[in-house]
Amino acid sequence: MDFADLKGETLVRAPGSINGESFAIKNLEECSVFILDYSSEVEVSNCTNCQIFIGPVDGPAIFTDCTNCQVAVASHTFKANNCSNCEFGLYTSTHPALQGSSGIRIACWAGAYPQLSQHFAAANLDPAANQWNKVYDASAEEGADPNFQLVTEQTPYWEVPLDNFGACENPVPGPDGQLYQAATPTAAVAADEFTFETAAPAAPAENGTPAAVAGAIPDDFLAAGGEHIPSQDVDTVPSGMLEPAAASGEHPRVTAAKQRLQQRLKDQAQQEAESKSGIKAAAGQYLESFYERRNKSKEDRIRAQREALEGKGNGEHGPEGANQWERIISMIDFNLTRPNGSDLSRFKSVLFTAKSKGGLPAAA
């Protein structure tokens, strides 16, 4: 599965469309990407001026050669290679790593969409074990300016509401330990378009200051230095990323994806059935041939043994004579000339003596 080689597009994977498979995002420019499902691993490469939202990843999320991108990603491990001027809102259960990157800003995960808590569980990620701020920079040089900056304050939530999937949710605590509270939307999704809804301010935090406002992704969703958090609602921004929900309550793209999946599974089952049938037929022929060869070999051995016992093997006459020694002598060809010229006269004499006397001569 992938999104590749596109410009100026809004690309969406809705809940249930990936189900733990791997995903690749590559060669995109000025695109908005939303992976709203859990996956096994995600690779993002050569993306420029993009907004990228990636739901829970059971394995690594690796960003390579990305420039001027705004990213929200939750993964088991995170690494950025040769990236510049990118902003990452992170959840990672291990220390995030940078290699050859510069101008990086890193903040705590602040994404929210329906079924996110289920996807964290499916990806085996503990929402309370976020290591986003324990960054390892392999390219850091002593005395030089750092290649990254940590945004230690709460950033605005990046909400992605979806028709017919329930309310937005986010199980990951913010940098101050506060949990996300789904806010009441101030603008409903129109019948003919899909929008990022603007949310009203959440309930006040314990210290009395309002929590960060939930809304559409702003132009700079990680404020410089982490000092600027909007205190007013953000205008609703049409995304145009999905068509209206079907009358059945399921989104048309989800329905189409399910139909394609069912057809693919049906075709795969048919191919497997044909393959199994062919294998069974070939195995039956092999076994039939094997048993035929084995039975013939067995019959040949029995016949040869029977002929040997009857003294008819190879067309030769069986032993003749009235006693044991006469039968032995009858089976010896005394006219045979040995290749090495061996003298058999003494052996012949002994045998003839045994024949005439009916026993072996005494040893000298």
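Biologist: Which residues form a nonpolar patch on the surface?

Modeller: Tyr286, Leu287, Phe290 and Tyr291 do. Together they have about 400 Å² of accessible area. Keep in mind that this is a predicted model.

Biologist: Where is Leu287 found, and how exposed is Leu287?

Modeller: Start with the cut-offs. Buried means under 20% relative accessible area, exposed means over 50%, and partly exposed falls in between. Leu287 has 41%, so it is partly exposed. Leu287 is found in helix α2, residues 252-309.

Biologist: What about Phe290 and Tyr291?

Modeller: Phe290 has a relative accessible area of 32% and is partly exposed. Tyr291 is at 40% and also counts as partly exposed.

Biologist: Now aromatic pairs. How many does the structure hold?

Modeller: The structure holds 13. To read one, take the ring centres and the angle between the planes. Over 60 degrees counts as edge-to-face. Phe53 and Trp109 are 5.5 Å apart, centre to centre, with 65 degrees between the planes, so this pair is edge-to-face.

Biologist: Which parts does the pair of Phe53 and Trp109 tie together?

Modeller: Phe53 lies in strand β6, residues 51-64. Trp109 lies in the loop between β10 and β11 (111-112). The pair therefore ties together parts that are 56 residues apart in sequence.

Biologist: Are Phe53 and Trp109 buried or exposed?

Modeller: Both Phe53 and Trp109 are buried. For another pair, go back to the surface patch, which includes Phe290 and Tyr291. Their ring centres are 5.3 Å apart and their planes stand at 70 degrees, so Phe290 and Tyr291 are edge-to-face. Here both partners are partly exposed, Phe290 and Tyr291.

Biologist: Which residues form the aromatic cluster?

Modeller: Phe34, Phe53, Tyr91, Trp109, Tyr113, Phe120 and Trp158 form one cluster. Among them, Tyr91 leads us to strand β8.

Biologist: How many residues of β8 are buried?

Modeller: Six of six, across residues 87-92. Next, sort the side chains by direction. Glu87, Gly89 and Tyr91 point one way. Phe88, Leu90 and Thr92 point the other way. Residues on both sides are buried.

Biologist: What does β8 pair with?

Modeller: For strand pairing, read the sense and the bridges. Strand β7, residues 70-81, pairs with β8 in the parallel sense over six bridges. Strand β10, residues 104-108, also runs parallel to β8, joined by four bridges.

Biologist: Which residues partner Glu87?

Modeller: Gln70 has Glu87 as its bridge partner in β8. Glu87 also stands opposite Arg105 in β10.

Biologist: Next, backbone angles. What is phi at Asn82, and where is Asn82 found?

Modeller: Look for a positive phi in a residue that is not glycine. Asn82 has one, about 55 degrees. Asn82 is found in the loop between β7 and β8. Asn82 is partly exposed, at 46% relative accessible area.

Biologist: What is phi at Asn19, and where is its place?

Modeller: Phi of Asn19 is near 55 degrees, a positive value in a residue other than glycine. Asn19 sits in the loop between β2 (10-13) and β3 (23-29). Asn19 is partly exposed, with a relative accessible area of 45%.

Biologist: Last, the whole chain. How many helices and strands are there?

Modeller: There are four helices and 17 strands. Of the 364 residues, 33% count as buried. The chain exposes about 20700 Å², and carbon and sulfur atoms supply 49% of it. Among contacts with a separation of 6 or more, residues 24 or more positions apart account for 42%.

Technical notes. Residues numbered from 1 in each chain as written. Predicted model: local features only at pLDDT ≥ 70, side-chain atom pairs only at ≥ 80, totals over all residues. Heavy atoms only, no water. Buried < 20%, exposed > 50% of the residue type's maximum accessible area, 1.4 Å probe, protein only. Helix = DSSP H or I, 4+ residues; strand = E, 2+ residues; numbered from the N terminus. Pairing = 2+ DSSP bridges. Contact = heavy atoms within 4.5 Å. Areas by Shrake-Rupley, 256 points an atom, 1.4 Å probe, with all protein chains shown as cover. Patch = residues over 30% accessible without salt bridge, like charges linked within 9 Å, V, L, I, M, F, W, Y side chains within 5 Å. Salt bridge = Lys/Arg side-chain N within 4 Å of Asp/Glu carboxyl O. Phe/Tyr/Trp six-rings, centres within 6.5 Å; stacked < 30°, edge-to-face > 60°.
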